[in-house]
Amino acid sequence: MKLLVVNPNSSVPMTEAIATAARAVAAPGSEVLACHGAFGPLSIEGHFEEAFAAAAVADQVRHAPAHDAVVIACFGDPGLDAAREATRAPVLGIAEAAFHAASMLATGFSVVTTMQRTCVIAERLVLRYGFERICRGIHGTDIPVLALEDCDKATLAQIEAAARAALASDRSEAIVLGCAGMAPLCAALSQRLGVPVIDGVAVAVKFAESLVALGLQTPKRGDYAPPLPKRWTGWASHFGNGPSDSG
Ligand code: 5HY
């Protein structure tokens, strides 16, 4: 199968790290096609940036080569619904996948993420996906997303400490990593913490493989029907059908 892994931010090093994490767990028959947004911020740490990231995801999926499934590798799951309109392949966001995995392992989990200001994005996803009864806490570390590109021992120690504090204060038994850029740290954190530490990139890859193996696809009717044909204008004119208007 061909698995399209989209990094919604435009960081090349982070895209490479995400691709490595995906390939580390992908089945022998799975080819990982990694890409990143053709435009937008180098990292996504707020609502304004996420708006452009969602458009970048939709752009990548709409114009992607043939694929069997899509993983959106950013913890805000930006553009998830738009991507599901744009393809019949299953589309998984790493936050949604990670929450589901945590719910199969523990009665309660905590999220440890990057900037405090992004916690509200995770809080809204917990409510959207229906995990408010078992997500017992969401904790920011104020570690910038791009600081994870060359994560040093101090950063790893800071995330570990935040996870320990979350497990204790929330009375939870699993940790969800709240950033795709944390994927390379998952194994070390799992070993240090002694509880399930869930990286949404890896989980989304395996869930996607399962859906494809079961022949399950996104229904192209109703809520996820393809976008209606119409003319688009300006820089987004290439999304439209019919004579473009560059005005
Ligand atoms: C991510 N931002 O996974 C999120 C993390 C966050 O650029 N990739 C990003 O804090 O929302």
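**Reading a predicted model, one feature at a time**

Modeller: Let's start at aspartate 77, which is found in the loop between β3 (69–72) and α3 (80–86). Keep in mind as we go that this is a predicted model.

Colleague: Is aspartate 77 buried or exposed?

Modeller: The cut-off for buried is under 20% relative accessible area. Aspartate 77 counts as buried because its relative accessibility is 3%.

Colleague: Which residue other than glycine has a phi near 55 degrees?

Modeller: That is arginine 171, and the value is positive. Arginine 171 lies in the loop between α6 (153–170) and β7 (174–177). For exposed, the cut-off is over 50%. Arginine 171 is therefore exposed, with a relative accessible area of 57%.

Colleague: Let me step back to confidence. What pLDDT does the chain average?

Modeller: The chain averages a pLDDT of 96, and 98% of the residues score at least 70. Over residues 243–247, however, the pLDDT is below 50. Beyond near neighbours in sequence, that stretch has 11 contacts in the model.

Colleague: Now cysteines. How many disulfides does the structure hold?

Modeller: It holds 0 disulfides. The way to read this is by sulfur distances, and a disulfide needs two cysteine sulfur atoms within 2.5 Å.

Colleague: Next, helix packing. At what angle do the axes of α4 and α5 cross?

Modeller: To read a helix pair, take the axes, then the handedness, then the residues in contact. The axes of α4 (residues 94–103) and α5 (residues 119–129) cross at roughly 60 degrees and come within 10 Å. Their crossing is right-handed. On the α4 side the contact is made by Ala95, Glu96 and Phe99, and on the α5 side by Leu125, Val126 and Tyr129. By class, these residues divide into 5 nonpolar, no polar and 1 charged.

Colleague: Let's look at alanine 97. In which helix is it found?

Modeller: Alanine 97 is in α4. It is buried, because its relative accessible area is 3%. Setting aside neighbours within four places in sequence, alanine 97 is in contact with Gly200, Val203, Ala204 and Phe207.

Colleague: Which residues does leucine 92 touch?

Modeller: Not counting residues up to four places away in sequence, leucine 92 touches Val70, Val71, Ile72, Leu80, Arg84, Ala204, Phe207, Ala208 and Leu211. Leucine 92 lies in strand β4 (residues 91–93), and at 8% relative accessibility it counts as buried.

Colleague: One last residue. Where does asparagine 7 lie?

Modeller: Asparagine 7 lies in strand β1 (residues 2–7). With a relative accessible area of 2%, asparagine 7 is buried. Among its contacts, leaving aside neighbours within four places in sequence, are Met14, Cys35, His36 and Ala73. The C-alpha atoms of asparagine 7 and aspartate 199 are 15 Å apart, across 192 residues of chain.

Note on methods. Residues numbered from 1 in each chain as written. Predicted model: local features only at pLDDT ≥ 70, side-chain atom pairs only at ≥ 80, totals over all residues. Heavy atoms only, no water. pLDDT = per-residue confidence, 0-100. Contact = heavy atoms within 4.5 Å. Helix = DSSP H or I, 4+ residues; strand = E, 2+ residues; numbered from the N terminus. Buried < 20%, exposed > 50% of the residue type's maximum accessible area, 1.4 Å probe, protein only. Axes fitted to C-alpha atoms, helices over the stretch in contact; angles between N-to-C directions. Left-handed = near helix turned anticlockwise from the far one by under 90°. Nonpolar A, V, L, I, M, F, W, Y, C, P; charged D, E, K, R; others polar.
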